[in-house]
Amino acid sequence: MNKIIRITLIFGMLACCLGCGENREEEYRKVGELTLDINRIKANIIMSELWEYIEKRDAASIMGMLSENAKKEMEDCEGKVIEFLDAFEDSEIVEIDNGGGGGSKRSSEYGKTSRYQVYGSYLIKTTKGTFKFDFSYVIVNKTEPEEIGLDWMFLRPNDGGKYRGGSTYNIRVYPFEESEG
């Protein structure tokens, strides 16, 4: 828990110090010899918040992160959030690694961001095994504000990148036994 709090604070301070406000149009920023991926920082901040709720088994807070569209369009949304939390039951988290997350999709109108969506992808090692966790979070949508928030998330056993597919407004949890072999 302390490790997650420290990581959250570090990413928060980085985000504030670097001024990665939503009106930035470039995805990378040079600082001395380092290039920082702003999208990865934002995805890590969202993941830190999500992870805090996962550890507390706080379905209501995860529901609060979902976009209004996701809540409306998803059948049995709260049940799916609880199923998502149940995947971590009876296991201990060993490590969380950024598994390549930090992509984004950005739309602009007249040089200003009108829609900005961040993707995260993580490997979560537990005493049960290693899971792949992916999510999409809409940070800005000036034309459809009900789309702002967690759009979708998938949790599945680490399958070496074989899984393809998915759709918006969805929380999918795949049983760990499915991909073992």
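## Burial of two phenylalanines

A residue counts as buried when its relative accessible area is under 20%, and in this predicted model Phe84 is buried, as is Phe88. Burial is likewise found for Phe133 and for Phe135.

A pair of aromatic rings is described by the distance of the centres and the angle of the planes. With ring centres required to lie within 6.5 Å, the count comes to eight aromatic pairs. One of them joins Phe84 and Phe88, whose ring centres are 5.8 Å apart and whose planes stand at 85°, so this pair is edge-to-face. The rings of Phe133 and Phe135 have centres 5.9 Å apart and planes at 40°, and the pair is therefore tilted.

## The largest nonpolar core

In soluble globular proteins, nonpolar side chains tend to be buried together. The largest nonpolar core here has 34 residues, and those that touch the most other members are Ile62, Phe84, Phe133 and Phe135. Two or more residues are given to this core by each of the helices H2 (38–56), H3 (59–65) and H5 (77–86), and by each of the strands E5 (112–126), E6 (130–141), E7 (149–157) and E8 (170–173). Helix H2 supplies the largest share, seven residues.

## Surroundings of Ile62

When its neighbours within four places in sequence are left aside, Ile62 is in contact with Leu50, Tyr53, Ile54, Val81, Phe84, Leu85 and Met153.

Methods: Residues are numbered from 1 along each chain as its sequence is written. This is a predicted model: local features need pLDDT of at least 70, side-chain atom pairs count only at pLDDT 80 or more; totals for chains, interfaces and linings use all residues. Side-chain values use heavy atoms; hydrogens and water are left out. Rings of Phe, Tyr and Trp (its six-membered ring) pair if their centres lie within 6.5 Å; planes under 30 degrees apart count as stacked, over 60 as edge-to-face and the rest as tilted. Buried means under 20% relative accessible area, exposed over 50%, partly exposed in between (1.4 Å probe, protein chains only). A nonpolar core is a set of buried Ala, Val, Leu, Ile, Met, Phe, Trp, Tyr and Cys residues joined through side-chain atoms within 4.5 Å. Helices (H or I, at least four residues) and strands (E, at least two) are DSSP runs, numbered from the N terminus. Contact means heavy atoms within 4.5 Å.
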